[in-house]
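Hi,

Here's the structure I promised to send over.

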Amino acid sequence: MVLTSASLLGDWHHVKDSNQNGSSATVEQLIHGMTFEVIVKLQSKNRKFPPFIALKCQFRSRWHCEEVQEILENCMPKHRWSFAIPPNKQWDDPHIDQDSAATSNISAQSDNNGLDSNDNPMTSFILLQIVDSNKKLLKKQPVEMGSSQLLKRGDAVEIISTPFGDNYPLIFFNSLTKGIVSNVCGHKNQVLLTDARCLTGSEGGAVISTVAGQSKGALVGMVVAPFCFKDTEWTGFTLVVAIDRILKSLPMPHYDLVQDSVSLKLHDPNHSKLRSSSDVSIASNVSSAVVYIQASSSWGSGVIVDHRKGLIITCSHVVHPSFSESKWNSFSNNRKVRVMTIKPTKRWYNAVVLYPKQHCQVLDVAVIKLSNFVPDQLSAVSLSQSDSTITAGRDIFIIGYGMFSSNTNGVTEPTITKGNIATVGCVDNKPMLIQTCAAIQCGTSGGALVCQTTGELLGIAVSKVKNVNSGGIYTYISFCVPVTRIYPAITKYNQSQDIEDLNMLSYNNNSAAGQLWLMKAATVGHASKL
């Protein structure tokens, strides 16, 4: 038996039944008339057979998973998200419609009315049965499956898929990509977001993770949509549906078809032997100190660095809509923002902007202070105080409210991406700019860059890279401000309570730091196009 995503059907998936448009055949009749093949790689050393063979299949069932559809409608509302390849436009075209998130292989784009639930290929699945006489060449081995309820943000996952279909299986067949669970949606983790990157043809691919204390990986999900870009930005995220929810939605007449083919291990999450790794625990602990910031219609992230004083550091461009730059030092209402914390409970606070950068300054940093808070109800992150901790190659997490805002139903915690410090730009032998390979999205600005092993805050996520010629935005090249350039100003302010001490964060554009961040420092060769 072969289980896959209904996006395989392409445009056929959206053909309407005869009782709606007068067609002579129903969708199911058309599908039953289609020819299906699966390409498999043989492990046999028998040279009589080629390494790859195509096996004929028969269509058995197509069904819709309603609970996943409901979650996606909450997490990705129709008025903000559509899934399509915009016609006659290139991936790096800066003029692509802003409110669209493109996947690699879904051909129909939803308008404000959206697709009918049963027509959404991301929440529909098909079951095929191999009927080819050569199926005897396949190994009979049950597939071990695990419940996604046991997964946590930060858990490692692998995706096995074949991008670009059968164009050249010698290279692309069963390609493996690695990443982590970046976020989860639904009270049973029905939908997962991972930073493991996939391409066209990966729909239906297997998502593997180690759950329930197993020594080897178990199948926990299926790829339903590789996100190539969102709002003109390359993303690299992949949307996954939990395998146990897919099978539980399988119509009963067809469930017996797969019962002998899988070993579905749905362990009770409350009695699981699974123990979180140190990386997962660190990501969870730091997440409680990462806050959601609302400034007018703009939103972003921030990090609590002193829970006793209610101090938060974020990006100046996150809070910019809350104040007039020329009058930022006046104590007026236009300096207020709203801040949401998630632990111990979800709660909103008012906050005031103590320091934003000015137009002539380069470090995109702001300091805000909570009002009417209880220190014991806040969590703060430990700040690195040594430049020696900021080194190329160090494994890191970036944690922030990218992709999903606080208004997203079913998503309760910030998104996590994994990577490493790629390079460190220094001025006078001191780290002034951190470049990482961890992806960030709109909303991640102001989020935490933390060490995977210690949980220390190393920096604040600030920006991505944009090619000024093509307009392409590269989310997997992210820039962060080192916390060691921020910490001294916070310490001095805590001692004096004088806002003027926060001016230590001011680096003018014409300074060495400014030239570095503006990519105008003296270099060998041509001027930067980024």
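E67 and R245 pair up through their side chains in a salt bridge, 2.9 Å from N to O (the term means a side-chain nitrogen of Lys or Arg within 4 Å of a carboxyl oxygen of Asp or Glu). E67 sits in helix α3 (residues 66-75) and R245 in helix α5 (residues 243-248), so this contact ties together parts that are 178 residues apart in sequence. Helices here are DSSP runs of H or I with at least four residues, strands are E runs of at least two, and both are numbered from the N terminus.

A word on the source: this is a predicted model, where local features need pLDDT of at least 70 and side-chain atom pairs count only at pLDDT 80 or more, while totals for chains, interfaces and linings use all residues. Residues are numbered from 1 along each chain as its sequence is written, and side-chain values use heavy atoms, with hydrogens and water left out.

Back to that pair: R245 is buried at 8% relative accessible area, whereas E67 is partly exposed at 24% (buried is under 20%, exposed over 50%, partly exposed in between, with a 1.4 Å probe and protein chains only).

In total, the structure has five salt bridges. Another one joins R153 to E413, with the closest N and O atoms 3.0 Å apart. R153 is in the loop between β6 (143-146) and β7 (156-161), and E413 in the loop between β21 (395-400) and β22 (415-427), so they link parts 260 residues apart in sequence. R153 is buried at 8%; E413 is partly exposed at 22%.

Cheers
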